[in-house]
Amino acid sequence: MSQMTIHLKIWRQAGPDVKGAFENHTLDTVNEHMSFLEMLDVLNEELVVAGKEPFEFDYDCREGICGSCNLVINGRAHGPKRLTAACQLHMRNFKDGDSIVIEPARAAAFPVIKDLVVDRSAFDRIIAAGGYITVRTGSAPEANSIPVELEDSTFSFDYAACIGCGACVAACPNSSASLFTAAKLSHLNRLPQGEPEREKRVIAMVEQMEKEGFGDCSNFGECEAVCPKGISIASIAEMRRNYVKATIAG
Amino acid sequence: MPSLLKALSSQVGRKLLTGLTGVALIVFIVVHLVGNLTLFGPPDAFNTYAYKLHSLGPLLWIAEIGLVAVFAIHSYIGLSIWWNRRRARPQKYHVYSSKGAPSRQSLSSKTMAFTGVVMLIFIVFHVRAFKYGETTMTSIPGVDYPVKDLKALVITSFLDPVMAFAYTFVMMLLGAHLGHGIWSAMISLTLSNPQRSAAVYTAGTIIAVLLSVGFLFIPLYIYFTGGQGALIQY
Amino acid sequence: MKLDAKIPSGPLEEKWSKHLNDVKLVSPNNKRKMHVIVVGTGLAGASASASLAELGYKVSTFCIQDSGRRAHSIAAQGGINAAKNYQNDGDSVYRLFYDTIKGGDYRSREANVYRLAHLSNNIIDQAVSQGVPFAREYGGYLANRSFGGAQVSRTFYARGQTGQQLLMGAYQSMMKMVNEGKINYYTRHEMMDVVVIDGVARGIITRDLVTGELTRHSADAVILATGGYGNVFYLSTNAKNSNVTATWRAHKRGAAFANPSFVQVHPTCIPVSGDYQSKLTLMSESLRNDGRVWVPRKAGDDRPPNQIPEEERYYYLEERYPSFGNLVPRDVASRNAKQVTDEGLGVGETGLAVYLDFRDAIARDGKDVISAKYGNLFDMYENISGENPYEVPMRIYPAVHYTMGGLWVDYNLMTTVPGLFALGEANFSDHGANRLGASALMQGLADGYFVIPFTIGDYLADAGVSTIDTSHEAFASVEKEVQERIDKILNVKGDRTVIDFHRTLGRIVWDNIGITRNEKDLKKAITEIQALREEFWQNVKVPGKATNYNKYLEFAHRVADFFELAELMAYDALDRGESCGCHLREEFQTPEGEAIRNDKDYAYVSAWEFKDLNGKLETELHKETLEFEFVEMKQRSYK
């Protein structure tokens with residue numbers, strides 16, 4: 001088992017309104033089997049033992065599905081590996097002696113809480129604005145009374161796979177939340193269940209997205225490249241189509 | 001439901017307008033290029049084309065006003081997107097890099113604001129030089145009074161190396177702008193899907209290169225042949 | 001403490017509908033005045049929040065993550081059972097009920113399990129209407145698969161992300177009510193304690209994890225939907241933030257804790273690679289359909305697996321269980337893996353793994369067929385382990401996955417503290433001594449969508465609108481206790497980190513209250529846990545301060561609760577002098593290693609009442625006898 005030495009440059013920020021700065025650390029006990037977050041755990045343990053403050057970062061499931069982790073590693077959201085959340089990135093993707101810069105997702109709509117932890121509640125508000133299908137508990141009809149074309153169902157699922165990590169915003173040169181918003185719209189709008197609220201939904205979600213202070217979409221497609229679930233920007237085109245239908249052409 | 005104005009000024013509406021105005025500008029550019037290429041036609045083709053265009057009178061004014069409006073909208077939204085982007089990320093990344101395909105981040109897409117602004121400045125000079133520039137007069141068949149010899153103006157202008165190379169440079173920037181722009185407009189106008197995405201991107205790039213080369217060929221050809229090349233008939 | 005399960009009388013099939021007719025209703029006018037607190041936003045918490053808000057109650061919902069959508073229900077892969085019988089293969093509510101109660105090894109309540117099976121169909125209807133993209137057939141109707149050895153295909157699934165999709169459905173419904181102002185939604189807030197006044201739950205104290213601020217919240221009823229306690233083992237498939245704190249605090253305020261030693265271990269997880277390991281990743285059990293499990297026959301055989309000849313390989317499941325072979329149930333597979341590694345036959349650097357080999361399956365069916373079935377799992381394995389399972393056998397090891405135990409609740413999901421309810425994995429109610437695959441999601445949603453909306457009304461109608469608010473002195477005194485505990489932990493300023501303590505505790509629990517248990521080890525574990533807990537309070541080192549975001553402080557007070565819970569688990573395992581479901585006591589097995597269940601003496605739910613904590617946990621056992629009126633208790637055999 002090979003031990004590696006890794007040089008880390010990590011963002012340290014005490015709170016939302018405080019100026020942050022980078023701090024350098026070297027870890028010489030990095031193991032190729034460690035996940036990226038486990039490597040940070042090891043660093044934090046060393047810091048705690050030395051009486052220093054550990055770095056705060058968000059995580060929960062550590063299996064790539066909860067969407068909590070959202071580190072920007074060497075300038076890339078979730079690091080170098082495609083279709084992989086930072087928690088599933090293993091150190092074998094790095095070399096002995098590598099230098100790694102770790103920053104929080106940077107966006108006005110995602111203010112830093114502490115160190116690498118940011119506030120992504122804007123995403124919650126976008127969903128709350130319209131990212132649902134209204135069906136009171138108990139009022140649902142028999143499940144098989146709503147057949148869904150396999151193609152629509154598959155399409156819908158491809159976008160339902162979004163884990164809400166915010167990598168799309170972190171990586172977008174404009175800090176746009178279009179992919180996140182569009183993914184939810186593509187999930188719900190294509191299904192027959194979602195049809196009645198289609199127009200209302202797209203208008204409400206697009207409005208909320210703007211209100212939160214995210215930037216415009218310039219079709220860079222960087223969001224798709226960093227998305228751990230590979231959500232396609234075709235959903236953004238679909239969101240625009242739906243929006244135009246609901247407003248201008250409707 | 002939001003009002004039309006509100007819908008058009010939303011992020012989606014603005015992107016739609018950028019795409020629409022972009023497409024209109026591309027159409028204009030294509031027509032412009034076709035007109036320019038009459039330089040390589042029969043001796044009087046270019047001046048005849050210019051004359052006929054001018055003799056449209058009020059129609060031309062309307063077209064010109066429309067063009068200015070389209071250009072203004074396109075530039076305004078473009079600049080506001082650039083402005084929004086600074087506001088949406090007040091603290092920049094210390095290190096930033098693209099994750100590669102399927103990202104469309106390229107020199108072209110990253111410099112849209114810059115190439116756009118250069119184009120904006122260029123157009124002022126361009127219009128002053130060729131629309132309002134001083135020309136000698138000449139005659140063309142079927143017209144019994146003298147008309148502006150724009151062909152001579154173009155050729156004399158591009159014999160100047162500064163003019164020739166500045167134009168060439170700007171036309172390369174135009175190509176860069178269109179490289180991302182054509183593809184982006186297709187996405188903004190919701191005309192692309194993931195299966196076609198790569199093809200649309202390639203087609204967009206090819207069109208951008210063709211337009212750019214078409215435009216920059218003229219100054220370069222004139223400069224390097226001293227205006228005496230076989231392609232230009234007198 | 002008196003345990004009254006409040007099971008309605010009458011025939012099994014009619015108990016729930018009869019109960020619905022009998023429960024009292026709250027008038028719309030009163031609902032508006034009643035405040036319900038929901039802690040946790042997993043399937044149970046989110047579905048309860050949405051449903052109660054729709055009914056008109058004022059709801060406050062709390063979660064510790066940055067968004068309700070992160071709750072660990074999201075990680076469930078396999079699917080959700082329902083007795084729709086869409087496959088026309090003879091499934092029915094009764095069969096789902098029967099399989100679940102048998103799977104639980106007859107240690108759950110007939111009435112609860114029947115209700116669960118009955119409600120399973122409503123869940124699918126609700127989820128589909130919310131836009132949950134379940135797998136479908138070409139015709140557009142819902143698809144099913146067989147799961148966990150069931151003889152019928154009753155499992156609904158959404159690729160390998162069923163939990164995520166169901167959670168999104170519930171979360172989105174909840175967020176809609178947040179948007180309408182019907183739910184006060186608190187993220188990054190942790191429940192630190194329950195406020196019980198005159199024996200009735202009246203509210204909670206929360207800590208804002210960003211600012212450290214403590215806040216009092218009063219309510220007419222408090223619902224805990226805070227998940228399971230698998231992280232007492234330190235390493236488990238649970239999310240890092242999953243914890244026992246909310247239910248343990250409730251336990252210390254009077255809620256009985258039931259069957260704490262019933263913990264499910266999943267046999268096919270990716271093994272531990274080193275001390276830095278922070279969690280374990282589960283791989284679908286379906287791998288055992290084609291993979292063969294083996295270890296070298298000779299202890300210490302460190303040749304690469306491909307160089308070990310056939311006759312020197314010990315296919316222990318196939319040899320020991322000729323009829324089921326590699327497909328024995330989860331608990332049997334896990335137990336045997338532990339046995340062979342205990343005998344020194346384990347593989348890999350840690351010796352804590354066994355091989356799961358696809359060599360023969362690839363030779364038989366070809367690589368393409370295997371790849372079509374398991375490609376994504378193989379990729380996941382390769383990403384984590386760095387080894388290609390098409391060429392080298394996978395290494396697997398069991399990991400803690402689900403806790404059947406939890407707060408004791410009656411048929412109405414109310415704990416022994418009036419006004420305090422527990423839903424989902426946080427309660428003990430439906431899975432007995434072992435949970436069947438694809439039924440955790442079912443229970444969480446049944447509790448939240450279809451049980452609590454009715455049963456809470458029955459309680460609230462009697463209780464009336466509460467007049468107690470946070471100015472009551474009990475709130476001040478509980479808040480003070482919480483503050484003192486935080487200060488105490490921060491002020492130890494010792495030498496050992498929280499993670500270090502947690503890892504050590506986890507090792508004790510895993511070794512002694514894990515896959516197999518025996519009296520000697522359980523007693524030893526109790527002493528060790530007590531000593532380690534003592535040391536924790538003398539020597540823990542928690543960095544930072546209490547007034548800002550401080551993950552290690554959060555962990556510290558959760559680990560402190562795990563210490564107390566661990567001790568209770570040992571008492572529970574010690575008390576249960578039989579082997580049932582996931583609970584295998586080495587003293588109670590046949591010479592061949594088959595579990596011996598003792599229905600005469602142990603057909604009861606163990607409900608523990610907290611008494612005191614003075615160096616040792618003082619606790620009193622109450623027994624809820626399980627009556628089996630409708631099914632006959634049978635012994636399992638997989639030989």
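Visitor: Is N85(C) buried, exposed or partly exposed?

Guide: A residue is called buried if 20 or more other C-beta atoms lie within 10 Å of its own, exposed if 12 or fewer, and partly exposed in between, with C-beta atoms placed from the backbone. Because N85(C) has 18 C-beta neighbours inside 10 Å, its class is partly exposed.

Visitor: Before going further, how should I read the numbering and the confidence limits?

Guide: Residues are numbered from 1 along each chain as its sequence is written, while chains are lettered from A and ligands numbered from 1 in the order in which they are written. This is a predicted model, in which local features need pLDDT of at least 70 and side-chain atom pairs count only at pLDDT 80 or more, whereas totals for chains, interfaces and linings use all residues.

Visitor: What is the phi of N85(C), and where does the residue lie?

Guide: The value is positive although the residue is not glycine, with phi near 55°. Helices (H or I, at least four residues) and strands (E, at least two) are DSSP runs, numbered from the N terminus. On that basis N85(C) belongs to the loop between β3 (80-81) and α4 (93-103) of chain C.

Visitor: Is D105(C) buried or exposed?

Guide: D105(C), another residue other than glycine, has a positive phi near 55°, and it is found in the loop between α4 and α5 (110-130) of chain C. Because 26 C-beta neighbours lie inside 10 Å of it, D105(C) counts as buried.

Visitor: Which peptide bond is cis in chain B?

Guide: The proline concerned, P102(B), lies in the loop between α4 (58-88) and α5 (107-110) of chain B. With omega near 5°, the cis bond is the one from A101(B) to P102(B).

Visitor: Why are the buried residues of α1(C) said to line one face of the helix?

Guide: In helix α1 (residues 15-22) of chain C, the buried residues are K15(C), W16(C) and H19(C). The arc is taken from the directions from the helix axis to the C-beta atoms. Seen down the axis of α1(C), the buried residues line one face because they fall within an arc of 90°.

Visitor: Against what do the buried residues of α1(C) pack?

Guide: Packing is judged here by contact, which two residues make if their C-beta atoms, placed from the backbone, lie within 7 Å. By that criterion, the partner of the buried residues of α1(C) is α5 of chain C.

Visitor: Where is the kink in α12(C)?

Guide: The bend at a residue is the angle between axes fitted to the seven residues ending there and the seven starting there. In α12(C), 18 of the 24 residues are buried, so the helix is largely enclosed by the rest of the structure, and it is followed by G464(C), whose phi is positive, near 75°. The kink, of about 55°, comes shortly before the proline P453(C), at V451(C).

Visitor: Which element gives the largest share of the side of chain C that touches chain A?

Guide: In this interface 65 residues of chain C are in contact with 67 residues of chain A. By class, the side of chain C has 24 nonpolar, 28 polar and 13 charged residues, where Ala, Val, Leu, Ile, Met, Phe, Trp, Tyr, Cys and Pro count as nonpolar, Asp, Glu, Lys and Arg as charged, and the others, Gly among them, as polar. The largest share, nine residues, comes from α6(C).
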